[in-house]
Amino acid sequence: MKKHEIRIETIISFCLAGIILFFSVGFFINKKVEFSVKENRYLEKFPTFSFQNLKNGSFTKDLESYLADHFSNRDFFMGFKTGFEKSLGKREINDVYLGKDGYFIEKYQLPLQNEKIINTFNTFAEKIENAEVSFMLIPTAISIYQEKLPPFVEDNRQMENFHYLSSEISGMIDVSEALLEKKEEFPLFYKLDHHWTTYGAYFAYQEFAKAKGFSAKGIEEYQVSVVSDDFKGTIYSKVNDYSVAGDEIVIFEMPNQKVEVNYQDSGEISDSFYEYSYLEKKDQYSFFLNNIHPFIDITSYDAKSEEEIVVIKDSFANCFVPFLAEHYKKIYVVDTRYYKDAISEFINQNKKIKDVLVLYNMNTIDSDLGVGGIY
């Protein structure tokens with residue numbers, strides 16, 4: 001019996017040694033990639049060695065991250081890990097709730113800079129001389145789709161903070177009720193990405209139109225079409241559940257609309273709000289307004305007025321902006337994370353600008369580096 005036990009232990013030892021050898025060889029012979037398409041992020045680079053880095057522990061910490069990012073068959077094992085955790089009944093992975101009906105919903109982090117945000121927005125509005133300033137804070141899926149959260153999970157903190165900020169910031173346009181009213185009829189947020197869908201942006205556009213006193217176009221007046229049925233966005237990348245089906249991306253287009261979209265940083269000029277090449281990539285949401293640009297100058301040749309508007313925004317506005325082309329001759333789109341000039345000076349110097357819209361989503365406003373730079 002003792003010899004039999006020793007033989008089993010020997011076999012197990014050889015198996016473990018073989019597994020370790022297999023992955024060690026795989027690590028060294030596999031081609032190292034810089035960017036993970038499935039996670040939509042750059043992987044860790046091999047750390048630079050110095051005695052100082054070794055002494056303070058940063059070298060070994062960075063080396064551990066590098067090895068974790070580049071071990072053989074990493075994507076397979078990450079997907080396997082997620083599947084195993086789900087089988088054990090786990091309903092939260094990497095600060096994402098595994099909700100009902102296939103919804104992956106980001107948790108809401110308690111805000112740290114409420115008073116700074118309030119002061120920044122109100123001070124900015126005071127600096128604008130000739131244009132009317134409006135603000136839109138967009139509640140995310142955790143507020144709009146509470147019923148999709150896992151059983152026994154309730155989180156009303158974001159909506160409570162939304163109402164607090166709305167009461168303290170002048171010129172706020174509340175879109176929360178409109179989104180709550182329409183959520184049963186239309187998919188307002190992607191299941192696998194943190195953004196709202198074009199339907200969500202449309203109903204926010206309706207609220208903006210009411211606040212500004214003009215008539216919004218009805219859905220039936222648009223050509224509504226699906227441009228992708230396999231969108232797996234930022235939240236998908238956090239969960240690594242490779243078994244789920246992707247979302248649809250839908251766009252609303254006006255027939256024969258004529259626009260000129262000038263991306264001033266790159267010099268690109270387009271006759272469309274959309275860059276179709278992104279639909280062949282992981283980051284499909286960048287299809288809207290061609291990803292990230294500090295300043296976009298849009299001319300709408302079919303607009304019903306000569307008025308101009310500035311939209312100061314995060315990426316939620318990228319699918320919202322096209323709805324404004326019916327109503328404004330010029331639309332200036334500013335991402336203050338990358339635009340380094342004083343936007344208030346630009347607005348005050350351009351007397352044709354009649355409206356300014358500041359649009360951010362609630363989940364990232366507290367940490368968005370652009371918020372503090374809207375002056």
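Which residue in β13 is the bridge partner of threonine 299? In β13, that partner is lysine 330. The model is a predicted one, in which local features need pLDDT of at least 70 and side-chain atom pairs count only at pLDDT 80 or more, while totals for chains, interfaces and linings use all residues. Residues are numbered from 1 along each chain as its sequence is written, and side-chain values use heavy atoms, with hydrogens and water left out.

The chain has eleven helices and 14 strands; these are DSSP runs numbered from the N terminus, with helices (H or I) of at least four residues and strands (E) of at least two. Buried residues make up 48% of the 375 residues in the chain, where buried means under 20% relative accessible area, exposed over 50% and partly exposed in between, with a 1.4 Å probe and protein chains only.

Strand β13 covers residues 330-334, and five of the five are buried, so this strand is largely enclosed by the rest of the structure. On one side Lys330, Tyr332 and Val334 are buried, and on the other Ile331 and Val333 are buried, so to speak of β13 is to speak of a strand with both faces covered. Strand β11 (residues 295-300) runs antiparallel to β13 and is joined to it by five bridges. Strand β12 (residues 308-313) runs parallel to β13, again with five bridges. Isoleucine 331 has a bridge partner in each: isoleucine 298 and isoleucine 309.

These strands belong to an open sheet of seven with the order β6-β14-β12-β13-β11-β9-β10 and mixed pairing; two strands pair if DSSP finds at least two bridges between them. At the edges stand β6 (132-138) and β10 (268-270), each with a single partner strand, so one side of each has no neighbour in the sheet. From one strand to the next, the twist averages 15°. Helix α5 (residues 114-127) lies across β6, β12 and β14 (353-361), running at about 155° to β6. Such angles run from 0 to 180 degrees between N-to-C directions, with axes fitted as lines to C-alpha atoms, for helices over the stretch in contact.

The largest nonpolar core has 91 residues, and Phe121, Phe124 and Phe320 have the most contacts inside it. A nonpolar core is a set of buried Ala, Val, Leu, Ile, Met, Phe, Trp, Tyr and Cys residues joined through side-chain atoms within 4.5 Å. Helix α9 (residues 198-212) gives the largest share of this core, seven residues. Leaving aside neighbours within four places in sequence, phenylalanine 320 is in contact (heavy atoms within 4.5 Å) with residues including Met136, Trp196, Tyr205 and Leu359. A second, separate core of eight residues includes Val96, Leu98, Leu192 and Tyr236.

What about open space? The largest pocket is lined by 37 residues, of which His194, His195, Ser315, Arg337 and Thr364 lie nearest its centre. Helices α5, α7 (157-168) and α10 (234-239) each supply at least two lining residues.

Helix α7 also holds glutamine 158, which counts as buried because its relative accessibility is 1%. Beyond its neighbours within four places in sequence, glutamine 158 is in contact with residues including Tyr108, Pro139, Met362 and Asn363.

Definitions and conventions: 1 Å grid on protein atoms, 1.4 Å probe; cavity = no way out; pocket = protein on both sides within 12 Å on 5 of 7 lines; lining within 4 Å.
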